[in-house]
Amino acid sequence: MKTINDPNVSPAERLEALQGYLATNPEFPGFVTESNNHVHTIYSFSPYTPAMAALRAREAGLTVVGSVDHDSAGAAAEMTAAAAAVGLGSVTGFECRVYVHSADEVAEGRAPFHDRKLNNPDTAGIAYMTVQGIPASARDKAAEFLNPVRMARLQRTAEMVANANEILVGLGAPLIDLETDIVGRSQFLHGGTVTERHLLAAMADKLIEHFGRGEALVAGLAELGLNLSDKVKAQLGDTENPHLTFDLLGVMKAEFLDKIYVIPQRMEDGGECPTMAEVIAFATSIGAIPCYAYLGDVTASPTGDKKAEKFEDDFIEELVAFLGEIGMPAITYMPPRNTPEQMARIAELADANGLLEVSGVDINTPRQVFNCPELQRPELDHLNDATWAMVAHEQLAEQDPALGLFAEANPLAGLPLKDRVKRYSAVGRALVQDGLPVADAVARIKENQ
């Protein structure tokens with residue numbers, strides 16, 4: 001079991017260990033009507049390798065698991081193989097930050113969202129997107145597209161390390177070494193990316209080393225001005241806490257990141273952020289599905305790293321209409337994070353603007369559960385259908401780009417999106433649950449012209 005989740009061995013070794021574990025005939029629960037398309041792995045920041053993420057998803061009874069690492073699709077091949085091994089469907093892709101508008105659009109006054117906070121708590125005019133359902137043969141193209149993003153992000157991380165070290169120097173604490181403490185604990189050298197979470201984890205470890213564990217740590221953090229709830233104080237004050245770094249990281253992200261944060265710049269200015277239009281165009285060119293990641297006004301965060309604050313809800317109609325106009329085909333959101341009223345509003349707007357609704361729950365800490373019980377509610381059945389449609393999309397677009405769910409040459413392109421999703425959903429379920437050969441799945445779509 002340990003090898004399955006070992007970030008220091010190869011994907012092939014992890015998959016071999018997974019197969020060995022499965023050969024012992026472990027008992028798994030029955031499947032539930034749930035999926036999770038938004039799991040982070042070690043290729044960005046997570047306690048899980050792709051193989052272990054797939055296993056945890058199966059242990060939770062999920063039917064589909066999906067990986068979306070920040071600025072990396074490095075998990076895709078391992079996730080696909082591991083999901084198949086445990087009997088799950090899979091959807092693979094990546095997540096990235098984008099500027100909604102180019103510098104020229106801002107200068108020319110054609111940038112209605114450049115000064116509004118969207119789904120990114122740190123900077124107005126920057127948004128999170130996912131690109132999902134990447135065909136296997138396009139993974140190298142995705143890596144090539146993301147490589148300059150990864151490199152620029154590493155450089156920005158170095159600037160933030162310097163900011164963090166100024167604080168640590170003042171405390172007399174050990175300093176962070178970029179190569180050892182951040183790059184070394186990441187998968188950067190294997191196509192992964194370095195994120196703010198890597199930096200905060202490194203800083204958390206230095207603070208733990210400096211203050212010690214237990215009440216001494218809680219007292220030291222109070223001196224730094226961190227706002228700790230009683231629940232968090234209990235977690236951080238527990239000398240036997242196996243998740244101490246992750247717990248402290250979450251607090252620091254919510255309460256401390258702004259003290260060391262460096263705003264990412266546009267790629268055209270030497271930074272790491274492409275524009276939204278550039279990512280849409282790239283995703284479309286490789287047969288993948290770009291999605292806007294709706295956050296909505298936050299009252300409580302399942303990951304514990306977002307404060308209660310307002311995001312897109314006050315102008316959501318204008319935003320979704322804009323997404324439709326620039327060719328964004330999908331919008332993704334997290335049912336546990338949003339209220340029924342928010343989800344109903346998004347469903348209505350997505351339908352009116354021809355966008356696919358995609359679901360997923362951000363998994364990047366060991367305390368989170370993989371389940372999304374909201375997806376068992378009848379009013380959210382369409383999200384399960386969308387997931388299975390993307391499972392079919394990823395496999396069919398690999399066989400023929402014209403079979404991508406949103407391909408202009410798709411045999412079903414003349415159907416309303418809801419009908420197309422129903423057809424693809426049935427094929428996705430048949431591929432995974434019934435063992436339908438891919439060639440037969442291709443024929444089913446082509447015969448439904």
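Colleague: Is strand E1 (residues 35-39) mostly covered or mostly open, and how many of its residues are buried?

Modeller: Strand E1 is mostly covered: five of its five residues are buried. Buried means under 20% relative accessible area, exposed means over 50%, and partly exposed lies in between (1.4 Å probe, protein chains only). Strands are DSSP runs of E with at least two residues, helices are runs of H or I with at least four, and both are numbered from the N terminus.

Colleague: What kind of model is this, and how are residues numbered?

Modeller: It is a predicted model: local features need pLDDT of at least 70, side-chain atom pairs count only at pLDDT 80 or more, and totals for chains, interfaces and linings use all residues. Residues are numbered from 1 along each chain as its sequence is written, and side-chain values use heavy atoms, with hydrogens and water left out.

Colleague: Back to E1. Which way does strand E2 run beside it, parallel or antiparallel?

Modeller: Parallel. Three bridges join E1 to E2 (residues 64-70). Two strands pair if DSSP finds at least two bridges between them. Ser35 has Val64 in E2 as its bridge partner.

Colleague: What about E6 and E7?

Modeller: E6 (residues 330-333) and E7 are also parallel, over four bridges. Thr332 stands opposite Val358 in E7.

Colleague: Where do the side chains of E7 point?

Modeller: In E7 (residues 356-359), Leu356 and Val358 point one way. Glu357 and Ser359 point the other way, and all four are buried. In a regular strand, side chains alternate between the two faces of the sheet.

Colleague: New topic. How many salt bridges are there?

Modeller: The count is 23. A salt bridge is a side-chain nitrogen of Lys or Arg within 4 Å of a carboxyl oxygen of Asp or Glu.

Colleague: Which residue does Arg56 bridge to?

Modeller: Glu59, with the closest N and O atoms 2.6 Å apart. Arg56 and Glu59 are three residues apart in helix H2 (residues 50-59), so about one helical turn separates them. Arg56 is partly exposed at 30% relative accessible area. Glu59 is partly exposed too, at 29%.

Colleague: And Arg97, which residue is its partner?

Modeller: Arg97 forms a salt bridge with Glu196, at 2.9 Å between the closest N and O atoms. This pair links distant parts of the chain: Arg97 is in strand E3 (residues 89-99) and Glu196 in helix H7, 99 residues apart. Both are buried.
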